[in-house]
Amino acid sequence: MGTITDKERIEEALELIWVLNEDGHNALNRFKLSSDDSDITSLIGTLTERKLALVNEGEIIFSEKGKEIARGLIRRQRLAERLLSDVFEMPDDTILNDACKMEHILSEELTESVCTFLGHPPTCPHGKPIPRGECCKKFKIEVTPVVTRLTDFEVGATGRITFIVPSDPNRINKLNSLGITAGSVIKFLQKKPSYVLQVDETTVAIDPEIAKEIYIKKVL
Ligand SMILES: [Zn+2]
Ligand SMILES: [Zn+2]
């Protein structure tokens, strides 16, 4: 086995542990069953030898180092998905959910610029959280992001809603019933005293907290 293959197997394993952890799982058995690696036992051996993860009482647990690597990989993978979805407008269902190679679309060096360019998106097109990077903390807008929060959108402009990240899941249904949903094209009419949008022939006023949760891309 060449070193590149090893590296890929390790990366895929780390990504898998991350995804399982997100769903609240760290059982070693579940990891074994979810992995499609041809030699899971040796892979687990490699992970522990390299101190990327440790096995304890039937659980597989990240080391700090392993977690950092996984975090970076998942971040790149989900930003790449966003890029395909928001910029190239590829339908979300054609962006492979389990595309392990997705992060290779984005070089490590480009990650921060792409994140900034996309407006520091909080989730991938499938709704999974994108781990934050240094750029998201600074949040200094040096280039105009393609996707912005509605609160930062230009009054008078027309945009397509790319995604909604509701703090209250019940909101999604309410917004949907108003025609405010991912993919809808809206015209942003005013910011003050309240946020007003035009959706088809209807004018809708929304609260600032909700406006912050709607991400939009300008339609030229
Ligand atoms: Zn995704
Ligand atoms: Zn960022």
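## Ground rules

Residues count from 1 along each chain as its sequence is written, while chains are lettered from A and ligands numbered from 1 in the order in which they are written. Because the model is predicted, local features need pLDDT of at least 70 and side-chain atom pairs count only at pLDDT 80 or more, though totals for chains, interfaces and linings use all residues.

## Around Gly183

Let's start in the loop between helix 7 (170–177) and strand 5 (185–190), where Gly183 sits. Helices (H or I, at least four residues) and strands (E, at least two) are DSSP runs numbered from the N terminus.

Setting aside residues up to four places away in sequence, Gly183 touches Arg160 and Ile161 (C-beta atoms, placed from the backbone, within 7 Å). Arg160 is 23 residues away in sequence, yet the C-alpha atoms are 5.8 Å apart.

## The nonpolar cores

Ile161 turns up again in the largest nonpolar core, which has 26 residues. Such a core is a set of buried Ala, Val, Leu, Ile, Met, Phe, Trp, Tyr and Cys residues joined through C-beta atoms within 7 Å. Ile161, Leu79, Leu118, Leu150, Ile214 and Ile216 touch the most other members. Helix 4 gives the largest share, four residues.

Leu150 is in contact with Tyr195, Ala211, Ile214 and Ile216, leaving aside neighbours within four places in sequence. A second, separate core has 13 residues, including Leu16, Phe31, Leu73 and Ile74.

Key
Contact = placed C-beta atoms within 7 Å. Buried ≥ 20, exposed ≤ 12 C-beta atoms within 10 Å, placed from the backbone.
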